[in-house]
2 protein chains.
Amino acid sequence: MSTQSRRAGTEDFRASRPWPLSQVSDWQIETDVVVVGFGAAGASAAIEAAAAGARTTLFEVASGSGGTSAMAGGDIYLGGNGGTPAQRENGFEDSTEDFFRYMMLAGGPDADEERVRLYAEAALDHFDWLKAQGIPYRTSYLPGKVQAPGTGDCLIWSGNEDAWPFNEQAQPCPRGHLPEAYGELGGGGRMLLDNLAARATELGVDTHFDARVLCLVADESAQVHGVVVRLAGEPRFVRATRGVILCAGGFALDREMLREYAPVTARLGDDALSAGYDDGSGIRMGQSVGGAAIHMDEIFTTLPIYPPASHVKGILVNEQGQRFVNEDAYPGRIAIHCLRQPGDRIFLLVDHAIFEQPSEFSRIEIAAVGESWEEIERELEMVEGTLVHSVALFNQHAAKGEDPLFHKGAPYLKALDEPPFAALACHIGEAFYPYFTLGGLRVRPSGEVLTAEGEIIPGLYAAGRTCSGLPRSAEGYSSGMSLGDCTFFGRMAGRAAAGAAPR
Amino acid sequence: MSTQSRRAGTEDFRASRPWPLSQVSDWQIETDVVVVGFGAAGASAAIEAAAAGARTTLFEVASGSGGTSAMAGGDIYLGGNGGTPAQRENGFEDSTEDFFRYMMLAGGPDADEERVRLYAEAALDHFDWLKAQGIPYRTSYLPGKVQAPGTGDCLIWSGNEDAWPFNEQAQPCPRGHLPEAYGELGGGGRMLLDNLAARATELGVDTHFDARVLCLVADESAQVHGVVVRLAGEPRFVRATRGVILCAGGFALDREMLREYAPVTARLGDDALSAGYDDGSGIRMGQSVGGAAIHMDEIFTTLPIYPPASHVKGILVNEQGQRFVNEDAYPGRIAIHCLRQPGDRIFLLVDHAIFEQPSEFSRIEIAAVGESWEEIERELEMVEGTLVHSVALFNQHAAKGEDPLFHKGAPYLKALDEPPFAALACHIGEAFYPYFTLGGLRVRPSGEVLTAEGEIIPGLYAAGRTCSGLPRSAEGYSSGMSLGDCTFFGRMAGRAAAGAAPR
């Protein structure tokens, strides 16, 4: 047996197959807690595990920290408990119940109530923890429709809080909290991750970069005892006496998994949001020992119709010329409704008063310009009387500040009656519909990975997009929910693993 | 170890955890091939395994054969190769390429080309095999929109073959083949299964009823060696020297799995199509040894707007009064489009000329009656000018035999202009939207179960709705595709297992 394990090359290991414990003769590394991945979830898990006194070893496949988290705008979804400092200073008293209700709605039909409750009640403490890691936050507020503005400001509306039907069921409140960061893409994610990484190093986390975890090591009862990792081209056996925490991201880059679990992504083009390693290997390692992977069809995607914010006053129609959503919804929700239309052609209709050049990254192009809506309808080769009817009906009600069909909010209602008019192409497969995956391992709030029948797999934890967490419904996603989930439940997993009885 | 295994009670076994081979001291049954489930897939697998000379043992949790398959109308989707006898006799020369193309479209974005190709080329041979098992077929043809008519006739249109967009991409041809059966619910599924069960018995398959398979037995490399089955209240260890074939149906009855994998079913009410045992245990057993479960969000559901066939000439609108699908599509496709609408209220609009009482089982109720469409619109409390516009636009084009918006076929186009008019409520959660699950284990056409990385799990096979097979997209499903898949690929799995090298 020992000969066999010593002679095994890296090609003998597959994430979808655990390496049998009985075939491990020597452990090259022994530690208490192994963390796989150095994004927001892995960094938070490592910090808490090390802070709890566990020997903590982190393997990151890339050459530096951050993962896909560092590419994000960096807002974290926080509130409740009477409000964060930024909320209170700007007049928002956010109740825990409203925060909880909103996140339950956002989570969709299988929202994890225990997880949401825990997060809602602990959000302010978690915010304090983030600051204690060195992440700077101002208390300033930016109203209106903005995305990762890069102005250093803190509080923004980052979801559907003030859009129908959410605003009928929970008191609206802005909850996106950005670190004090500046720059074109916001820079907040990078700042967040740099601080977390520095803190992990400070706490003595033994970090290995360019380190690909190949598979789990498990016994015949599927208890997890460690991992096999490729270090400098060689497989190394790493024993984790207390637990392995999978924080390896989602599967936005694995074409085979996308086709089998989330085939809708084939329509979206090549705009996966990933720093390069969301290959699903974390999920496959969990599945390899019987972990269930749930909601694997759910993806986050978005159609950035703003900036410019004025375009929220436009209306979206499908290729039948029909409206289909309140255009003041979060762009992620809008994108999901676009995907439900019969056909890939989606148009944003604007008039002279609200038109501005769409942002370049959105790849939203001008499809037709005309002096009348009849002219636009003809140019788009739509059936006569379809688009024209939709605009007329919208205008008639918008003039009265109403949208009885889709309930767009009054601030965004304006008759589109100032020529020239334009139709902007937001077509699926052409415009920018970036995406990442929301499905993943089934876990308890502690990060313990569960089988399809709810049994705990001893020694295995997961956090971040390797699991199905707080954000598990594309329709309800709000910006900041994934990073909130990664950091908070990464911490929970780090603590749980550090506190597990050693084997 | 041996003490432990002898003392284990049935409660110690979970489908989601394989029983370690090392903990089995005595095998109470030794056989070559174990088949789990006696529906269409299991019966076909057992027949072929036994016919190939393998000792074959079948465990069925119910007290008799048939499973959910026996509840079906019994049509099997067949064609290509110039046509079946029924097709040729009625003037349909079905080419293998058209048959293949249609099934690829029906399979959706992850249609399994190898599987579809094999089925398309072998369909006539498979039909001969079905007849050789004793299943009687006439060659008569029923045109038009019918579902499991129970008239003893054979050939029917059972899918989207002649509906847009399918009819633009493959030459339309009817391919549903019903056994000669009579009765209100068709009776074809029962007749099919009775014949297959009798044949299995004749071939010496050792069949155990009231026999719940609890879990797989696997070694630490996840090779499958047998099963643990509950017989007369006691766990029994069953060794399968050549293979275990999981044909245990889908998970339409497991609320937890539905919530985690196919939460849309929560909207549909309690109309799962199941004989009582589609609890997902077959899928969970496959997952327990690293088998990937794919397309778990896909369900078959349907909205039986016909009979009466005249109602296909009506139009469907959502609660915004918008049309959304060609109403001559297969009702399964219609149901999926209903689920994409913003809201649960769906109406079928009919006029005096086409109205008949909806069939009782459909639970489609009259929501409004009026002398004008304006009156209907008001009664339904729709926004003024919405439903009326949709009807006017449809009527204007229907009068010319056209449907430029949704491409309904000419035979079903008629202006809805003969009062009185009616709106029939087809609401989601109220009308009959029966469903079963399409997601399941990832398998090769041979039935060999695969991990997420495509490795074969030695000793494990699956067929029928325990796997993701031919029908893997709700939008494209055609009646007869699931039974075609169950019987044909059940056979393939039976042969493959019987031919495997014994361990």
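Copies are superposed by least squares on the C-alpha atoms of residues with pLDDT of at least 70 in both. The model shown in these views is predicted.

**View 1. The rotation axis relating chain A and chain B.** Chain A superposes on chain B by a rotation of 180°. The shift along the axis is 0.0 Å, and the RMSD is 0.0 Å. This is the relation of a two-fold axis. Among the residues of chain A, E220(A) comes closest to the rotation axis. Its C-alpha lies at 2.3 Å.

**View 2. The contact between chain A and chain B.** Chain A gives 43 residues to the contact, and chain B gives 43 residues. On chain A, α8 (255–261), α9 (281–288) and α12 (387–398) each supply at least two residues of the side that touches chain B. The largest share, four residues, comes from α8(A). By class, this side of chain A has 18 nonpolar, 13 polar and 12 charged residues. Of the interface residues of chain A, 100% are also interface residues in chain B, so the copies meet through the same surface.

**View 3. The domains of chain A.** The domain assignment gives domain 1 (32–70 + 190–211 + 239–299 + 434–499), domain 2 (72–177) and domain 3 (303–425). The C-alpha centres of domain 1 and domain 2 of chain A lie 22 Å apart.

**View 4. Domain 1 of chain A against domain 2 of chain A.** Here 25 residues of domain 1 are in contact with 29 residues of domain 2. On the domain 1 side, α7 (188–202) and α13 (481–499) of chain A give two or more residues each. The largest share, six residues, comes from α7(A). The residues of this side divide into 11 nonpolar, 11 polar and three charged.

Definitions and conventions:
Residues numbered from 1 in each chain as written. Chains lettered and ligands numbered in written order. Predicted model: local features only at pLDDT ≥ 70, side-chain atom pairs only at ≥ 80, totals over all residues. Contact = placed C-beta atoms within 7 Å. Nonpolar A, V, L, I, M, F, W, Y, C, P; charged D, E, K, R; others polar. Domains from an automatic or database assignment.
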